[in-house]
Amino acid sequence: MGSVDEVSNNNGFGCSPEMEKFLCERLGDPTQPISERFRVLFSLRNLKGPAPRNALIRATRDSSNLLAHEAAFALGQMQDAEAIPALIALLNDLSLHPIVRHEAAEALGAIGLESNVLVLKNSLVSDPAQEVRETCELALNRIEQLKGDGGNGESSTEGRSPFMSVDPAAPASSCSSVDQLREVLLDEEKGMYERYAALFALRNHGGDDAVSAIIDSLHSKSALLKHEVAYVLGQLQNKVASAALSNILKDLNEHAMVRHEAAEALGSIADDQSIALLEEFAKDPEPIVSQSCEVALSMLEFERLGKSFEYLFMQAPLVH
């Protein structure tokens with residue numbers, strides 16, 4: 001086995017057995033910094049086969065809730081049906097942090113098979129965490145939509161987003177105006193799937209008015225919606241969002257999943273104020289938040305050096 005530097009020179013279009021073994025072992029190594037393990041995780045999600053899948057499944061049980069939830073997210077983005085039993089076990093394990101259970105439910109929706117409906121319905125009514133129940137609602141709506149589009153696991157009307165992510169909801173009709181979408185997104189009485197659909201339509205629109213509407217929705221009552229809003233603002237990388245995201249990160253009373261997404265979005269925006277804030281909150285007492293800041297700062301350092309954060313770089317969705 002070569003050195004890390006030698007390994008990282010492998011191109012993103014193939015992976016040797018030695019490289020695959022290196023990545024799988026490194027992901028599971030708790031002595032590695034969290035940023036290094038995220039480098040590995042982002043590389044493994046670009047690979048197919050039992051070894052990468054099993055390494056990610058093992059990571060969903062990691063002591064780091066941040067790493068565990070990101071591993072579940074990766075399994076959903078890979079849309080690997082072989083991961084379903086492990087994801088169901090995560091969703092049903094109430095000893096796990098809600099952020100991990102939420103991501104397992106979202107991953108089951110991303111895979112999109114009708115066989116996942118029953119377990120999602122059970123958690124929809126029984127999970128003690130609102131963010132998990134709302135995620136189950138989203139996943140069930142996504143599966144229902146996919147069923148209407150032929151049930152092949154990928155909607156003919158949705159496809160992948162322009163940001164290379166498998167979104168929890170298809171964007172609302174492009175015929176809707178920004179004002180109409182804003183009204184739906186901000187309406188606390190609307191269903192979560194409908195609000196998510198408006199959010200992704202506004203993201204895909206991307207104009208100033210759309211970004212303003214997305215920022216305004218950070219005042220929602222739903223932690224789940226706010227965390228997705230922060231994620232979308234990170235995808236858009238619009239500096240106009242910096243102040244609102246900074247306020248979220250600084251709010252110690254805000255849900256950890258929202259603060260974590262705000263931290264990673266600020267890393268994507270990467271202006272001087274954002275970087276200073278990430279350095280400050282890398283010492284936050286909540287590990288989900290502090291580790292998010294650490295990962296974001298590491299990604300920025302690789303970018304500054306002109307290097308890929310991933311060992312195996314291919315187009316993939318942003319960190320979640």
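Colleague: Is E254 buried or exposed, and what makes it so?

Modeller: E254 has a relative accessible area of 13%. Buried means under 20%, exposed means over 50%, and partly exposed lies in between (1.4 Å probe, protein chains only). E254 is therefore buried.

Colleague: What kind of model is this, and how are residues numbered?

Modeller: This is a predicted model, with residues numbered from 1 along each chain as its sequence is written. Local features need pLDDT of at least 70 and side-chain atom pairs count only at pLDDT 80 or more, while totals for chains, interfaces and linings use all residues, and side-chain values use heavy atoms, without hydrogens or water.

Colleague: What pLDDT does the protein average, and where does pLDDT stay under 50?

Modeller: The average is 90, and 90% of the residues score at least 70, where pLDDT is the predictor's confidence in each residue on a scale from 0 to 100. Over residues 1–13 the value is below 50, although this stretch has 20 contacts beyond near neighbours in sequence; a contact means heavy atoms within 4.5 Å. Residues 152–159 also stay under 50, with 23 contacts beyond four places in sequence. Where pLDDT is low, the predicted coordinates should not be read in detail.

Colleague: Why is the meeting of the K226 and E254 side chains called a salt bridge?

Modeller: The term asks for a side-chain nitrogen of Lys or Arg within 4 Å of a carboxyl oxygen of Asp or Glu. K226 and E254 meet at 2.9 Å, N to O, and form a salt bridge. K226 sits in helix α13 and E254 in the loop between α14 (242–250) and α15, 28 residues apart. K226 has 10% relative accessibility, so it counts as buried.

Colleague: How many salt bridges does a search of the whole structure find, and which side chains meet at 2.6 Å, N to O?

Modeller: The search finds 15. D284 and R259 meet at 2.6 Å, with D284 in the loop between α16 (272–281) and α17 (287–304) and R259 in helix α15, 25 residues apart. D284 is buried at 8%, and R259 is buried at 3%. Salt bridges that share partners also join R26, E36 and R39 into one network.

Colleague: What makes α15 a helix, and how do you know its span agrees with its number of residues?

Modeller: Helices are DSSP runs of H or I with at least four residues, strands are runs of E with at least two, and both are numbered from the N terminus. The expected span is 1.5 Å times one less than the number of residues. For the 14 residues of α15 that gives 20 Å, and the end C-alpha atoms are 20 Å apart, which agrees. As 13 of its 14 residues are buried, α15 is largely enclosed by the rest of the structure.

Colleague: At which residues does UniProt place the feature "binding site", and how do you know whether they gather at one spot?

Modeller: The unreviewed UniProt entry gives H227, E228, H260 and E261. They span 35 residues in sequence, yet no two of their C-alpha atoms are more than 10.9 Å apart, so they gather at one spot. The entry also gives the feature at H69, E70, H102 and E103; these are spread over 35 residues of sequence, with a largest C-alpha distance of 10.9 Å. UniProt positions use the numbering here, feature names are shortened, and annotations may be inferred rather than shown by experiment.

Colleague: What does H260 touch, and is H260 buried or exposed?

Modeller: Beyond four places in sequence, H260 touches residues including H69 and H320. At 0% relative accessibility, H260 counts as buried. E228 touches H320 too and is buried at 1%. E103, in helix α7, is in contact with H69, A72, F73 and H320.

Colleague: Why is the link between the side chains of S64 and Q291 called a polar contact?

Modeller: A polar contact is a pair of N or O atoms within 3.5 Å; within protein, one must be able to donate a hydrogen and the other to accept it, and residues adjacent in sequence count only if both atoms are side-chain atoms. S64 and Q291 make theirs at 2.7 Å. S64 itself, in the loop between α4 (50–59) and α5 (65–78), counts as buried at 7%.
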